[in-house]
Amino acid sequence: MSGTLGDTFGKAVGNLYHGGAANVTWERALEDLSAADAARVPASLPHSVAQVIAHVQFWQAYLLAVIAGENPAAPEHAAGGWPDPGDWETLKADFLRDAARLRDLARDEAFVQTPDRQGRPYGVALTNFAGHGVYHLGQVVTLRQGLGLWPPPSGGDTW
């Protein structure tokens, strides 16, 4: 991937870490959400916003560790990727910081072509993780709707 195609790919995948062109941003989806509300689980739904964010952050941190040359152990079962959310403000800040870092990496044309430890370009992992995040962004919107906390103060539409 080179030139315009690489730049276009990087912007498209990178934007998914922000929320994507067709979605609200993560910042807006989390806007004005208190720790108490983030911890609430709507009736008949399995998770809270804080639990979903902790899950996505777990995998963002995992990918960044792999990129840094570390060899983090993958969870043995899916439940291992759903850690306790801990402090909401810290979790939210870490999540947004790491999403921004992954967005920057997705926009780095040379990096996305660099082979990972399995020999695949990092662009593959960045695309997969971006899709995972956007999937859960939709969950956060649904959770907020279930709590009667949607739209956020700045609005729920992107256009």
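**Helix 4 and the spaces around it**

Hi everyone, let's start with helix 4: 15 of its 19 residues are buried, so this helix is largely enclosed by the rest of the structure. Buried here means under 20% relative accessible area, with a 1.4 Å probe and protein chains only. Helices are DSSP runs of H or I, at least four residues, numbered from the N terminus.

A quick word on the source: this is a predicted model, where local features need pLDDT of at least 70, side-chain atom pairs count only at pLDDT 80 or more, and totals for chains, interfaces and linings use all residues. Residues are numbered from 1 along each chain as its sequence is written, and side-chain values use heavy atoms, without hydrogens and water.

Back to helix 4, which covers residues 49–67. At 1.5 Å a residue it should span 27 Å, and its end C-alpha atoms are 27 Å apart, so the two agree. That expected span is 1.5 Å times one less than the number of residues. Just after the helix, Gly 69 takes a positive phi of about 90 degrees.

Now, what about the spaces inside? There are two cavities of 30 Å³ or more. A cavity is a set of points, on a 1 Å grid over the protein atoms alone, where a 1.4 Å probe fits but cannot get out, and lining residues have an atom within 4 Å of a point. Grid points are joined across faces, edges and corners, and a volume is the space filled by probe spheres set on the points.

The largest cavity has a volume of about 40 Å³. Its lining includes Tyr 17, Trp 59 and His 132, and helix 4 and helix 7 (122–146) each supply at least two lining residues.

The second largest cavity comes to about 30 Å³. Helix 1 (3–18), helix 4 and helix 7 are the elements giving two or more residues to its lining, with helix 7 supplying the largest share, three residues. Among the lining residues are Leu 16, Trp 26 and Phe 95.

Finally, which helix gives the largest share of the lining of the largest pocket? That is helix 7, with five residues. A pocket is an open set of points with protein on both sides within 12 Å along at least five of seven lines. This one has a volume of about 160 Å³, and Tyr 62, Arg 117 and Asn 128 are among the residues lining it. Helix 4 turns up here too, with at least two lining residues.

Notes
Buried means under 20% relative accessible area, exposed over 50%, partly exposed in between (1.4 Å probe, protein chains only).
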